[in-house]
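Please keep the sequence and the 3D view open as you read.

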Amino acid sequence: MLLCLRHHSTMNDQLNFFTMKTTKLKIALLSAFVGTTTFGYSQNAELQVIHNSADPAAAAVDVYLNGNLILDDFAFREATSFQTLPAGVPLNIGIAPGSSTSANDTLKNFTVSLISGEKYIAVANGVINPANFASNPDNNSTSFGLTIIPNAKTSATQQGNVEFIALHGSTDAPTVDIKARGVATLVDNADFGAFTPYIAVPAADYILDITPGAGSPIIISYQANLSGLAGGTAVVFASGFLNPATNQSGAAFGLFAALADGTVIELQTISQARLQVIHNAADPAASAVDIYVNGDLTLPDFGFRTATPYLSLPAGVPINIGVAPGSSMSVNDTLKNFTVTLENGETYAAIANGVLNPGSFVTNPDGRSTGFTLLLQNQMKETADNASDVNIRVVHGATDAPTVDVFAGVLELVNSAAYTDITPYLTVPAADYVLDIKPAADNSVTVASYSAPLSGLAGKSITVLASGFLNETGNNNGQAFTLIAVLADGTVLPLELVTSINSIESTNSFSLYPNPSSDQILIDTRSNEIKSIQVVDIFGKSILNTNILNAQTSTILDVTNWESGMYEVIISAANGVSRTKFIKI
């Protein structure tokens, strides 16, 4: 099914067999050598060596330890396993061209002294002659050097985690962040040569986005399948040149991971976006549709007022979305086709809206086109910004409804939204509200009110849509107007109608006294049976919402614990719905 993310092969499957053989041979030579040099030393340390110098002149190097050849033709992007070396004494590490004849041919020499019992990682970075390469954008030195990382680990602290160090090893790349998409920023403002402490993450499949240190946009993304590395460690290193043409045609930029056993894995690039599909087209002829993606049937019999969860789709390539009648035979039956190209790392909602034949339906009062369309909205959110809040985006999706405002009490949530308009995100505390829909031209009139129970949605992001027709009979007896809320997991919640334009809106329909009051109020409906009572504060937050099971025409409310201020009392009775203001002192 095309909407599903295709799994990549595991990291270990990406290794080249020949490279593994030659690397193991070199490690065996190193082990044989250090086995002789450590004889007689009571203090030892462990060291892993990684070759990350992208200079073509250093594509393969010979490594000498105290004048002895230990790594012959050690290739760019190879690593050793952790090897035991003497501690507490100076160690001279010399780097010479491949196929050197002796330690006298070394180009660079580094003297290190290791602490007994410690583990280290030594990474060869930079270029031999910086003047022949592009300069670093942050003006850091790019001269060939050996980065020594202390306190290295060969296993994770917790068995279910993977722990890794991230190293910026690309000479012509600027300061960057590395973000695990949808999880957290792993590396913040790393420039060339910088490395992080160990980062612990659950062993899972991730997408790593590389962005400039200042934030967006995404420069490049990588698939990092760590699910098979539980309990292990790695060095994740940026490697190569962003612009090989200005760097002697050296190796192109990539992201690699060196495991503790010396295995080096190339992370694969990926371009992926997230998309939620919502069916909000109220045309009875589109009550259930088949949706094809690039010719494949992806959503059969997709019903009106249903939604998918957010799905992963390829980004940066054209995607054809075809809409056909329910139970279609093939992609040739599509009625409408839409081609979209999604941006890597972006999150979208695709909302099917409108009617197939506008001439058979009531025209839009603002003159907007009501033809069947796909509203594509970017910058969608799968979760709220704060765990205690709800993020809401409102979509005006009712073809025959005019421009409206939406209020929660005195707080205006939506200003002058016409058909197909989509608001920016609103942030409200997770609580229960009453939403009042008012004509944009006259806020003294409430067209309809809906109960919005958001108290159980803390930390979630939702899309609220105006859906259906105000005039069902003039629109081929399509579904009646209402509000629906769509959650990120595809759950669709209808919002309950509290009052409508046909309800009684007179403050004389019931008595409420004393008003103001500090303790109790008496509600008397004058012989009309009370069905329900709802009380909201000035911000539309529901304070009380109760159904009256036993027939009664009056009731007493205890307001002692209410905060001082103005409230609205909404009474549903046998003769309709009425509302009036109440002041708590």
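The points below go through the pockets, the cavities and one serine.

1. A word before you start: this is a predicted model, so please read the points that follow with that in mind.

2. Let us begin with the largest pocket, which holds about 900 Å³ of space. Its lining is made up of 32 residues. If you want to find its centre in the viewer, look for Arg181, Gly182, Val183, Gly345 and Thr347, the lining residues closest to that centre.

3. Which elements give two or more residues to the lining of the largest pocket? They are the strands E10 (176-180), E11 (184-190), E13 (205-212) and E19 (272-279). E13 gives the most, with five residues. By class, the lining of the largest pocket has 10 nonpolar, 12 polar and 10 charged residues.

4. Next comes the second largest pocket, with a volume of about 600 Å³. Here 30 residues form the lining, and Val447, Ala448, Tyr450, Leu470 and Phe481 lie nearest the centre. Several strands give two or more residues to this lining, among them E28 (404-408), E31 (432-439) and E32 (448-453). Strand E27 (389-396) is also in that group, and the largest share of the lining, four residues, comes from E27.

5. Do look at the classes of residue around the second largest pocket. Its lining has 26 nonpolar residues, three polar and one charged. For the largest pocket, the counts are 10 nonpolar, 12 polar and 10 charged.

6. The structure also has 12 cavities of 30 Å³ or more. The largest cavity has a volume of about 120 Å³ and is lined by 14 residues. Nearest its centre are Phe164, Leu208, Ala224, Leu226 and Val236. Strands E9 (161-168), E13 and E15 (233-239) each give two or more residues to the lining of this cavity. The lining of the largest cavity has 14 nonpolar residues, no polar and no charged ones.

7. Finally, is serine 239 buried or exposed? Serine 239 belongs to strand E15, and it counts as buried because its relative accessibility is 0%, where the cut-off for buried is under 20%. Its side chain makes a polar contact of 2.7 Å with the side chain of asparagine 52, and another of 2.8 Å with the side chain of arginine 77. Leaving aside neighbours within four places in sequence, the residues in contact with serine 239 also include Phe76, Gly169, Ala252 and Phe253.

Terms used
Residues numbered from 1 in each chain as written. Predicted model: local features only at pLDDT ≥ 70, side-chain atom pairs only at ≥ 80, totals over all residues. Heavy atoms only, no water. 1 Å grid on protein atoms, 1.4 Å probe; cavity = no way out; pocket = protein on both sides within 12 Å on 5 of 7 lines; lining within 4 Å. Points joined across faces, edges and corners; volume = space filled by probe spheres on them. Nonpolar A, V, L, I, M, F, W, Y, C, P; charged D, E, K, R; others polar. Buried < 20%, exposed > 50% of the residue type's maximum accessible area, 1.4 Å probe, protein only. Polar contact = N/O pair within 3.5 Å; in protein donor to acceptor, adjacent residues only side chain to side chain. Contact = heavy atoms within 4.5 Å.
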